[in-house]
Amino acid sequence: MKVLMVSNNSPSKEKKYAGVFVVNQFECLQKNYQEIVFERHFLKRKFTGVLGSIIKYSGYFTRLLKVVRGRHDVIHFHFLFPNILLLPMVRSRALNSKIIFTMHGNDLTLSTRNWVYKTLTKRNLKYVDTLIAVGTGLAEEFERHYQRKVDYILPAGIDRRIFYPQQARCEYDFIFVGSFYKDKGIHLLVKAIERLVTQHQIKPSFCFIGSGPQIKLIKGLESIVDVQIIPEATQQEVSNYLNQSRFLVFPTLKEAFGLVISEAMFCGIPVISTPLPGPKMQIKNGIDGYLLEKIDVESLAQKMLNAYHLSNKSYEKMKKHCVSSNSSFALDRICENLVNIYTGEVSRNEPL
């Protein structure tokens, strides 16, 4: 069997960790299933203007059509849009190939940006044999837009060789990992921290890993609490920082799955998160983390306050539950499920 993995989002010098989960998936498959020939066609994520994007994607699409030409049993696309636009030409060159698409979140949003994109996406879905979504909420959103069932729910996978409990000294009460955008709930987190300081007279220590336009809000906290900002970190460094923290805070307003939740839990770090479908797939409220009752500052501040005052005995119990949670989301398990999908050894909508 020959499998081609395709993605328009992979790491570059400018964006070192863009789509790294797809690269991890490919390398895991290639290493552990040597009876299958795996090839890849990835586009590096770079900062470009409109003209640069046109040139970049033109080359990406042109090279893909040369690569295909009926030489693969399976063509597995990561990210629905804009890959779906090229599908009629891919199908004409790969009549006998199984076409699989994995949706990750924003790619679905882009496909519905205007009626032209949505019409073309809907029309070209007929060429897709198998649809995978990384989370249940994403699957439901897709089905609302396109009136077609998603075949499998399958996250990208957590590499447990990197994310595991370490004997590390606790340096931070809370950690945030992600982009500093409004959709990630940075503004809610900043206001919740301010509330903890002004109303509850506590000054927890914080670590923020990431970058984005709302960094000014985070830097504004430096006058009232101990804050460390890490603009860039490798996956191993993220694991190290997680292991030095008591709780991950993930107040996202929009999230297909939220890999960092399970990354933290694989390290034995409980998580405080908004109650979106992706986080709810991973967190058992009060067992291995906390889910907010409402997506607002008051609820977030209260959960953080509860976490801050949690007894050592209760915290250690929660840590143990984290380590035993979500084993089905491990990268090796995800790759095993993918191979079963490639070979047709699982039925559609069968639990994975």
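Start with helix α6: its buried residues pack against β4 (98-103), α4 (106-111), α5 (115-124), β5 (130-133), β6 (152-153) and α11 (277-282). Contact here means heavy atoms within 4.5 Å. Helices (H or I, at least four residues) and strands (E, at least two) are DSSP runs, numbered from the N terminus. The model is predicted, so local features need pLDDT of at least 70 and side-chain atom pairs count only at pLDDT 80 or more, while totals for chains, interfaces and linings use all residues. Residues are numbered from 1 along each chain as its sequence is written, and side-chain values use heavy atoms, with hydrogens and water left out.

**Helix α6**

Select residues 136-146, which make up α6. Gly137, Leu138, Ala139, Phe142 and Tyr146 are the ones to colour as buried. Buried means under 20% relative accessible area, exposed over 50%, and partly exposed in between (1.4 Å probe, protein chains only). Next, pick Gln147, which follows α6 and has a positive phi, near 50 degrees.

**The sheet with β1 to β6**

Show the strands in the order β2-β1-β3-β4-β5-β6: these six form an open sheet with parallel pairing. Two strands pair if DSSP finds at least two bridges between them. β2 (37-44) and β6 stand at the edges with a single partner strand each, so one side of each has no neighbour in the sheet. Ile132 has Tyr152 of β6 as its bridge partner.

Two helices lie across this sheet. Helix α1 (residues 20-32) lies across β1 (2-10), β2 and β3 (74-78), at about 165 degrees to β2. Helix α14 (residues 331-343) lies across β1, β2, β3, β4, β5 and β6, at about 145 degrees to β4. Axes are lines fitted to C-alpha atoms, for helices over the stretch in contact, and angles run from 0 to 180 degrees between N-to-C directions.

**The sheet with β7 to β12**

Now show β9-β8-β7-β10-β11-β12, the order of another open sheet of six strands with parallel pairing. Its edge strands, β9 (226-230) and β12 (289-291), each pair on one side only. Neighbouring strands are turned by 20 degrees against each other on average, direction ignored. β10 and strand β11 (residues 271-273) run parallel and are joined by three bridges; Leu248 has Val271 of β11 as its bridge partner.

Helix α13 (residues 312-324) lies across β10 and β12, at about 65 degrees to β10.

**Strand β8 and Cys207**

Five of the five residues of β8 are buried, so the strand is largely enclosed by the rest of the structure. In a regular strand the side chains alternate between the two faces of the sheet. In β8, Ser205, Cys207 and Ile209 point one way, and Phe206 and Phe208 the other way.

Pick Cys207, which is buried with a relative accessible area of 1%. Opposite Cys207 stands Ile175, and β7 and β8 pair in the parallel sense over four bridges. Beyond four places in sequence, Cys207 touches Tyr172, Phe174, Ile175, Phe176, Gln228, Ile230 and Tyr241.

**Aromatic pairs**

Display the rings next; the whole structure has 18 aromatic pairs. Rings of Phe, Tyr and Trp (its six-membered ring) pair if their centres lie within 6.5 Å; planes under 30 degrees apart count as stacked, over 60 as edge-to-face and the rest as tilted. Phe174 and Phe247 have ring centres 6.3 Å apart and planes at 40 degrees, so this pair is tilted. The two are 73 residues apart, with Phe174 in strand β7 (residues 172-177) and Phe247 in strand β10 (residues 245-250). Both are buried.

Phe176 and Phe208 form another tilted pair, 6.1 Å centre to centre with 40 degrees between the planes. Phe176 is in β7 and Phe208 in β8 (residues 205-209), so this pair ties together parts 32 residues apart in sequence. Ring pairs link Phe174, Phe176, Phe180, Phe206, Phe208, Phe247, Tyr290 and Tyr315 into a cluster.

**The nonpolar cores**

Finish with the largest nonpolar core, which has 96 residues; Val90, Phe208, Leu242 and Met304 have the most contacts inside it. Such a core is a set of buried Ala, Val, Leu, Ile, Met, Phe, Trp, Tyr and Cys residues joined through side-chain atoms within 4.5 Å. Helix α7 (residues 186-200) gives the most to this core, with eight residues. Apart from this core lies another, of 24 residues, among them Met5, Leu154, Ile334 and Val339.
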